[in-house]
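Hi there,

Here is the structure I promised to pass on to you. Have a look at it first, and then read my notes below.

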Amino acid sequence: MTSLERARSWRPGPRLVSLVVGGGTAVLVLYPIAYLIQASLSVGDPQARPPEAYGLDNFTGLDRYAHIFGNTLLVAGVATIVAVVVGFVMGWILTRTNVPGRAALEQLMAMPYYVTPLMGALAWALIGSAGSGFVNQLWRAVGGSGHLIDINTAWGIAWVMALFEGSVAFVMIGAVMKSMDPSLEEASQVLGAGRVRTMLRITLPLVLPGVLGAAVFVFAEMLGSFSAALVLGLPSRFYVVTTAMYQLVSQYPPRFPTAAAMGVSLFAVMFAMVWIYRRIISSGSYVTITGKAFRPRVMDVGGLRWPLLGLCLAYLVVAVVLPVLVIVYASFQRLTGAVPSLANLTLANYAMALSLDAVRSALWNSLILGVATASLGVLLMGFLSWLIYRSRLPGAGAIEYLLMFPQAVPRLVFAFGMMWAWLVFPIPIYGTLWLLLIAYLTVFLPLGLRTISGVILQIDRSLEECAQMCGATWGHRLRTVTMPLLKPGLVAAWLLLFIASVRELGASILLMGPKSKVITPAIVESWFSTSSELTAAMALLQTLAVAAALAIMFAVARRAVQAGGE
Amino acid sequence: MTEHRHTAVTRRGFLRTSALAAATAPWLARAPFAAAQGKSTKVLDFQTGADVAKAEQEGEVVYYGHDGEAGIGVLLDAFKKDFPKIKTSYVRLQTGALYAKITAERSAGRFGVDVLQLSDISPAIDFQKKGGWEVHVSPESSAYKAEHQSSPAGHYNWGGVTFAGISYNKGKIKPEQAPKTWKDILNPIHKDGVSAKLATSGMQHAQWYTLRKLYGNDFWQEFAKQRPKGFDARAQLFDRLSKGDDRMCVLAEYAGYTLFAEKGAEIEFVAPPDGLPATAFYIGVVNKAPHPEAAKLFVDWALSKRGQAVYQNQKILLYGSLRTDAGPMPTGKRLADFKLLFPTDWNDYVASHPVFVKEWNSIMGL
C-alpha cells in the first residue's frame with residue numbers, strides 16, 4: 001500500500017475521536033470551573049479580577065450559612081424522593097401495564113416539564129399561599145379559620161419542585177423500562193410472584209441504573225433549583241443555597257467569592273452521589289437487551305388498571321391542569337382574587353406582554369437555542385455516554401465525574417465562571433447566542449448523559465462485539481447497532497434538552513447580551529418588577545410557543561419517517 | 001427628529017449660570033456649565049452636546065439599566081420615536097449584578113456599553129473612581145442643582161427621584177391601628193405581617209440610613225423583631241400587600257403605590273411627618289463607549305424635559321424630576337409637596353453601605 005493509499009484509507013480511530021471529543025468537553029467544563037475555583041479562593045477585594053490575594057477564608061466562613069445548607073439538603077432530599085417515586089410509579093404504570101389510554105397519557109406525562117417550575121411555583125403561590133391562596137380563601141369563605149394549606153414552607157417548596165421534576169424522572173426511568181425484555185417479568189409471574197412483588201423484585205432491580213441515574217440527576221437539579229425556592233421561599237424568609245447566592249451576587253458590592261465558595265462546596269455532595277451511583281452499577285449487571293429478540297409487551301393488571309389510571313390523572317391534574325388553569329385565570333385579571341368579577345377582567349397583560357421586546361425577540365431566540373442545544377447535545381452526549389460505558393478507553397470513567405461538575409454547582413454561579421472565562425477568550429462570542437449555546441451544552445451535559453447512559457447500560461456488549469466480528473468498523477457499529485438501540489434514550493434526551501434550554505434561567509441571566517436575549521429571565525424579571533398577572537401572561541405565552549414548536553417538529557419528523565418508509 | 005440648530009453659549013449666559021450655581025450650593029468649582037463644553041446643539045426642544053449627525057451615523061445606543069423590562073421598553077421606545085435612525089438595545093439586571101457585569105467586561109477589555117443607569121450611588125461613585133464614566137457635561141444639566149450631579153460634574157447625573165413611605169392593606173389593618181409615623185412600624189401587632197426590600201436595593205439603603213440618623217442605631221434592631229419579609233422589587237411588595245399576604249409595607253415607594261391603587265387595590269399610603277426617605281437613579285455616558293455621540297445624545301435627551309416627561313409621567317417608571325423647571329407628577333403632586341429625606345453626608349452614606357448590607361441581611365434572615 002502506497003502512502004497515498006494509506007492516507008486515503010485512513011479513518012479516525014475511536015481513540016483519536018474519543019480524545020478529541022472527551023478533551024474538548026473537558027475544556028468546556030473545566031475552563032469556567034477554574035475561574036470559579038479561583039474566585040472562591042479570592043480573599044481581597046471581592047470585585048477584583050484576577051484576585052488580589054488567595055486564601056480559604058470564604059470556605060471557613062461558610063459555617064454562618066449552615067442553616068441555608070440544611071434547608072437546601074432538606075428540600076432537595078424530600079423533593080428527590082417524591083419525584084423519583086412519582087417517576088418510577090408513573091413509568092411502571094405507563095410502560096409495563098395495560099392501563100387504558102397509555103399512549104396519550106405517556107405524552108401528557110411530560111407536560112409538567114413544559115409547564116416549568118417557575119410557572120408551577122407562580123400558580124401554586126396563587127393556589128396555596130396562607131393569606132391570599134385560593135384554597136385558603138375558599139376555606140375561610142365556608143367558615144374555616146386561619147389557613148388550610150401553606151405553600152410557603154419547606155414542604156411546599158419540595159412539593160412544587162417534585163411535581164415538576166417528577167416528569168424528568170418519569171422520562172428517564174420510562175426510557176429504561178421501555179427497553180426491558182418483558183420475559184423476565186413474565187418468568188417471575190409464571191413462578192408465582194404477584195404483580196407488586198414482580199415490580200419490586202424484578203422490574204426495580206433491572207431498571208436500577210435508570211432509577212439511580214434519575215435520582216442523582218434530580219437531586220442535583222433540586223440542589224440547583226432556583227425558581228420555586230425564589231417564588232415560594234422568600235415570603236417565609238426561607239433561603240436555600242441558590243436564593244442565598246442570588247442575593248449575595250446581586251448586592252453591592254457583589255460577594256462572588258462567598259457565592260463561589262458555596263457553589264464549590266456543593267461539588268463534594270455531587271461527587272459523593274456519582275461515586276455511590278458508580279459503585280452500585282458496577283456491582284451488578286443490568287443488561288436487558290441482548291441478542292435474543294423480544295417484543296415489548298405489557299402486563300395485564302386486571303381491575304387494578306382503573307385505580308392506576310386514576311393515579312396518573314391525579315398527577316396530571318395537580319401538576320398540569322390546576323396550575324395552567326390558575327395561570328390562565330390570573331393572566332386575564334387586573335388583581336387576582338379567588339372570586340372572579342367582570343370589572344377585574346382585562347386583556348392588558350397580553351397587550352403589554354406582546355409589546356415587550358423580551359417576549360418577541362427573546363422567545364424566538366429561546367426556540368432557536370432549544371433546537372440547536374437539543375440536536376447538538378444528543379450527538380455529543382450520546383457519544384460521551386458510549387465513551388464512558390462502552391469504549392474501554394483509559395480514563396473514560398473519570399470523564400463521568402468531570403461531566404457532573406456543571407450539575408454540582410447552581411447555574412447562576414456557574415454562569416459567573418463562564419462569564420469570566422469567555423470574556424477573556426480571544427474569539428469574540430461573548431454577548432452572542434453562541435455563548436448561550438456553549439453554556440447550555442455545558443450545563444446540560446449531566447442531563448443528556450444521565451438520560452442516555454441509563455439506556456446504554458441495558459444494551460449487551462455482545463451485540464456490538466458481534467458486529468465487530470462481522471467486520472464492522474467502530475463507527476459503523478456505533479451507527480448501525482448502538483444508535484438504533486439507543487433510540488428511546490436519544491429521543492427522551494432530545495426532548496428534555498429542548499425544554500430545559502427554553503426554560504433555562506440561571507446561566508442565561510448573566511450571559512445574555514443586548515442582542516441575545518432569552519425568555520425565562522424576562523419572565524422572572526417581570527415577576528420582580530411588574531405584577532404576577534403580567535408574569536402569568538408571559539409564562540403562558542412561553543408555554544404555548546414551546547408546545548407549538550414541539551407539535552410542528554413532531555409533525556415534520558412523522559412526515560419524514562413516513563416518507564422514508566415509502 | 002426634524003430640527004438641528006447650533007447655539008453658541010454666550011459669555012452672559014455663562015456668567016448667569018455661574019452666579020446661579022454659586023447661590024444654590026457650595027459646589028461652585030464643580031458646577032456644570034454647558035458653556036465649558038463649547039458648542040451645544042438644539043435638537044427638537046432640548047440642548048445636546050452630541051454631534052447629532054454623527055450619533056445618527058453611529059445608528060445605535062446600548063443601554064445597561066436596572067428598571068424593569070416594561071419600564072426600559074417605554075423609555076427606549078420614546079427615545080427611538082424622537083430619533084428613529086438610532087436603534088436601541090439593552091441589558092437589564094439589578095444594580096449589583098449589573099455593575100458586576102460591566103466591571104467584569106471592562107476588566108477583560110470589552111467595551112460594549114454606551115449608557116449606564118444605576119439605582120445606587122455607591123457603585124456610581126466606585127465607577128467614577130475607576131474612570132468608568134466619560135466626562136460629558138450635558139447642556140441640560142444647567143436645569144439641575146449642582147448637588148444633583150457627580151462631583152466633579154460630568155461623570156453622572158441624578159436622573160430622577162423615587163421615595164418611600166408606609167403603605168398598608170385597608171382590609172387587614174383597622175383605621176385605629178393604621179401607622180402614622182415611622183415608629184408605628186415597630187408596633188408588635190404587625191409582627192409577621194410586614195414587608196420591606198432586600199439589601200440589593202439602593203432605596204432600602206437610603207431608608208436604613210436616614211431613619212437610623214433620625215431614630216438612632218437601635219431602630220432597625222427593634223424592627224427586626226417584626227420578622228419582616230424581604231423582596232427584590234416594589235412590584236412584589238405591592239402585589240403581596242394588595243392581595244393581603246402582608247399587612248403593611250414599610251418601604252412603600254410612591255410609584256408602586258400609585259400603580260396598584262389605580263388597579264383598585266385596597267391600600268393606603270402614609271407619609272410620616274418626619275419625612276420620606278428618597279434616592280435617585282444615576283445616569284451617564286460610559287467611557288470608551290462604542291457609540292459615543294449616540295450615548296451623549298441619549299443622556300442629554302434623558303435629562304431634558306422630553307426625557308424627564310417619560311421618566312416622570314409613565315406610571316411604570318414614575319421618577320420625580322429634579323429639574324428646577326419640572327412640572328407636576330401624574331398624580332398632580334410635585335416633588336416639593338413631599339418632605340424628602342436625602343443623606344446629607346455622601347461620604348458617610350457610601351461608607352455605611354457594608355454595615356447596612358450586613359445588618360439588613362441579618363434582619364431578613366439571610
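**What I found**

Helix 16 of chain A bends by about 45 degrees at Val317(A). The bend at a residue is the angle between axes fitted to the seven residues ending there and the seven starting there. Helices (H or I, at least four residues) and strands (E, at least two) are DSSP runs, numbered from the N terminus.

Before going on, please note that this is a predicted model: local features need pLDDT of at least 70, side-chain atom pairs count only at pLDDT 80 or more, and totals for chains, interfaces and linings use all residues. Residues are numbered from 1 along each chain as its sequence is written, while chains are lettered from A and ligands numbered from 1 in the order in which they are written.

**More on chain A**

Helix 16 of chain A covers residues 305–331, which is 27 residues. From its first C-alpha to its last it reaches 37 Å, close to the 39 Å expected at 1.5 Å a residue (the expected span is 1.5 Å times one less than the number of residues). Its buried residues include Cys312(A), Tyr315(A), Ala319(A) and Val320(A). Here, a residue is buried if 20 or more other C-beta atoms lie within 10 Å of its own, exposed if 12 or fewer, and partly exposed in between, with C-beta atoms placed from the backbone.

Helix 27 (residues 519–529) of chain A is mostly covered, with ten of its eleven residues buried; among them are Ile519(A), Glu525(A) and Trp527(A).

Why does Lys178(A) count as partly exposed? Because Lys178(A) has 19 C-beta neighbours inside 10 Å. This residue lies in helix 9 (residues 154–178) of chain A. Lys178(A) and Ile459(A) are 281 residues apart in sequence, and 12 Å apart in space from C-alpha to C-alpha.

**Chain B and its strand 12**

Chain B has 13 helices and 13 strands, and 56% of its 366 residues are buried. Of the contacts in chain B between residues at least 6 apart in sequence, 78% join residues at least 24 apart (a contact means that two C-beta atoms, placed from the backbone, lie within 7 Å).

Strand 12 (residues 276–285) of chain B has ten of its ten residues buried. In a regular strand the side chains alternate between the two faces of the sheet. In strand 12 of chain B, Leu276(B), Ala278(B), Ala280(B), Tyr282(B) and Gly284(B) point one way, and Pro277(B), Thr279(B), Phe281(B), Ile283(B) and Val285(B) the other.

Which strands pair with strand 12 of chain B? Two strands pair if DSSP finds at least two bridges between them.

- Strand 6 (residues 115–118) of chain B runs antiparallel to strand 12, with four bridges; Val115(B) stands opposite Val285(B).
- Strand 7 (residues 157–169) of chain B is also antiparallel to strand 12, with six bridges; Val161(B) has Ala280(B) as its bridge partner.
- Strand 13 (residues 340–341) of chain B runs parallel to strand 12, with two bridges; Leu341(B) is the bridge partner of Pro277(B).

**How confident is the predictor?**

The model scores ipTM 0.79 and pTM 0.81. The mean pLDDT of chain B is 88, and 90% of its residues reach 70 or more (pLDDT is the predictor's confidence in each residue, from 0 to 100). Over residues 1–15 of chain B the pLDDT is below 50, and this stretch has 24 contacts beyond near neighbours in sequence. Where pLDDT is low, the predicted coordinates should not be read in detail.

Happy exploring!
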